[in-house]
Structure formats: C-alpha cells, structure tokens
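Welcome to this tour! Open your viewer, get your selection tool ready, and follow along one stop at a time.

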Amino acid sequence: MNIFRVRMPRVNAWLAESGGRWLLVDSGKPKTTGALLGGIAAAGCAPEDISLLIISHAHYDHVGGAGRLKREAGVPIAIHKSEADLLRTGGFKISDGLNGLGRVRAFLGRHVAPRRMFAFEPAEPDIIIDDERRVDDFGFAATIIHSPGHSMGSISLLTDDGDLFPGDLAITQPLPGVWAHMPIYGSSIQDIRRSWRALLERGAKHVYPSHGSDFPAKELEALLDSRT
Ligand SMILES: [Zn+2]
Ligand SMILES: [Zn+2]
C-alpha cells in the first residue's frame with residue numbers, strides 16, 4: 001500500500017493506493033478544495049478512481065471537498081451514524097475546548113467567526129458506520145473503527161499493517177507534553193485516551209493525522225503511560 005499526504009493550509013487529507021484502487025481519508029476545508037484536487041492529481045490519482053472517501057468526523061475542515069468529489073466523480077462517502085446528518089445538511093458544529101487555548105478558540109469559532117467560514121457543500125453519505133466495518137470490498141485490508149473523543153462520532157481507519165488514520169483523535173501540533181498529539185477540542189479527554197489505547201491494542205504502529213506530520217504510534221503509548 002502506498003500512502004500520500006495531501007497538504008492543505010493547516011489540514012491534511014490522506015490518500016492510500018493499493019492494487020490500483022484508491023482510498024481518501026478526509027477532504028479539507030471548503031476553501032481548500034482546489035488544493036485537495038491538486039494533491040489528488042499530484043499523487044497520480046483521478047478522483048473517479050477513489051473507491052471510498054472516509055470522513056473522520058463532520059467538522060468543516062474535514063468535509064470541505066466531500067460534496068464536490070461525490071457530485072463530480074461519484075465518490076462514495078463513509079461517515080459515522082451520529083455525524084451523518086451534519087454531512088447531509090451542511091451542519092455547523094464546534095467541539096468544546098479541552099484546554100484554555102481550545103476554550104478560547106471554541107468561543108471565537110462560535111461567537112466571533114463569520115458563519116460563512118464554516119459553510120460547506122452537503123453530501124449524502126453512502127456507508128453509515130456504527131461500531132466498525134471492514135473495507136476489503138473497497139480494495140483495502142483495513143477496518144473503519146468508531147473512536148470517540150474528539151467528537152462523539154469520530155471514526156479512524158486502521159490497516160492490517162498498523163497504519164492509523166485517526167482524523168483529529170490524535171494530531172501533531174507545536175504544543176508541549178500531551179498536547180503535542182491531543183486535540184485542543186473534543187467531547188472528552190477520557191474518551192480520547194480510551195480510543196488511543198484501544199487502537200494501540202489493535203496494532204496501530206504509525207499515525208497519519210489530519211493536522212500536522214505523521215508520527216510513530218509509540219508516542220501515543222508514551223503519553224498514555226506518562227499520564228500528563
Ligand atoms: Zn475536528
Ligand atoms: Zn480538524
């Protein structure tokens with residue numbers, strides 16, 4: 001399997017290729033769809049060849065290109081059942097802050113930032129995830145796993161080789177200690193830690209987050225052990 005990072009301003013999507021079939025995790029912000037399509041092309045992929053788009057969760061910086069990919073290239077979309085209506089309606093949702101910085105930014109997002117910043121083209125999902133689902137029928141030896149904590153309906157993709165695509169459940173940011181990989185927004189730090197632990201126990205070896213650079217999964221293990 002080949003993995004390609006699609007870099008957009010402050011957010012990633014990840015493309016995986018296996019046997020000529022392609023899978024895309026997340027689709028950037030509404031304003032970065034041009035960069036998304038450019039990155040897909042640069043990887044040597046035609047949007048029509050994407051067998052599945054997995055939306056890790058329905059925040060505006062992950063669903064931005066979903067509507068266009070489905071409308072123009074017929075790409076099917078997978079999302080958790082509790083986030084499906086946000087995708088269908090173009091719904092606006094910001095998680096609570098998990099630290100001081102997160103609380104300030106969540107407040108600004110809800111009360112100061114213009115709503116149009118979060119507006120995205122809605123899309124009808126095709127695959128609704130409950131607990132988990134294999135994706136062998138889309139050409140990949142991997143499982144989509146419900147992994148709550150950043151949002152209640154966050155999902156991760158874990159390949160049988162240990163490549164983990166967690167969306168915002170684990171990210172990389174220039175903050176100290178646990179915040180190097182802990183999102184500053186979320187529904188529950190306890191749920192995030194539980195989901196990290198569960199994914200490590202299921203064999204996660206390397207992490208490809210939707211914000212920042214990829215990193216070895218043992219860094220999450222060290223943060224869980226340090227209990228900082
Ligand atoms: Zn998010
Ligand atoms: Zn995000």
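## Stop 1: the two zinc ions

Select both ligands: the zinc ion (ligand 1) and the zinc ion (ligand 2) lie 3.4 Å apart, and Asp168 coordinates both. A word on what you are viewing: this is a predicted model, in which local features need pLDDT of at least 70, side-chain atom pairs count only at pLDDT 80 or more, and totals for chains, interfaces and linings use all residues. Residues are numbered from 1 along each chain as its sequence is written, chains are lettered from A and ligands numbered from 1 in the order in which they are written, and side-chain values use heavy atoms, with hydrogens and water left out.

Now show the side chains around the zinc ion (ligand 1). Its protein donors are His57 (NE2), His59 (ND1), His150 (NE2) and Asp168 (OD), at 2.1 to 2.3 Å from the ion. Donors are N, O and S atoms within 2.8 Å of the metal (3.2 Å for Na, K and Ca); water is not among the atoms, so sites may look incomplete. The 4 donor atoms subtend angles of 92 to 170°, so the arrangement is irregular. Four donors count as tetrahedral if all angles lie between 85 and 135 degrees; four count as square planar and six as octahedral if opposite donors are over 155 degrees apart and all others between 65 and 115; anything else is irregular.

Move on to the zinc ion (ligand 2). Which residues are its protein donors? They are Asp61 (OD), His62 (NE2), Asp168 (OD) and His211 (NE2), lying 2.1 to 2.3 Å from the ion. This site is irregular too, with angles of 87 to 161° among its 4 donor atoms. Distant parts of the chain are linked here: Asp61 is in helix α2, and His211, 150 residues apart from it, is in the loop between β13 (206–207) and β14 (215–216). Helices (H or I, at least four residues) and strands (E, at least two) are DSSP runs, numbered from the N terminus.

## Stop 2: a glycine in a loop

Select Gly90, in the loop between α4 (84–89) and β6 (96–97). Leaving aside neighbours within four places in sequence, Gly90 is in contact (heavy atoms within 4.5 Å) with Phe120 and Pro122.
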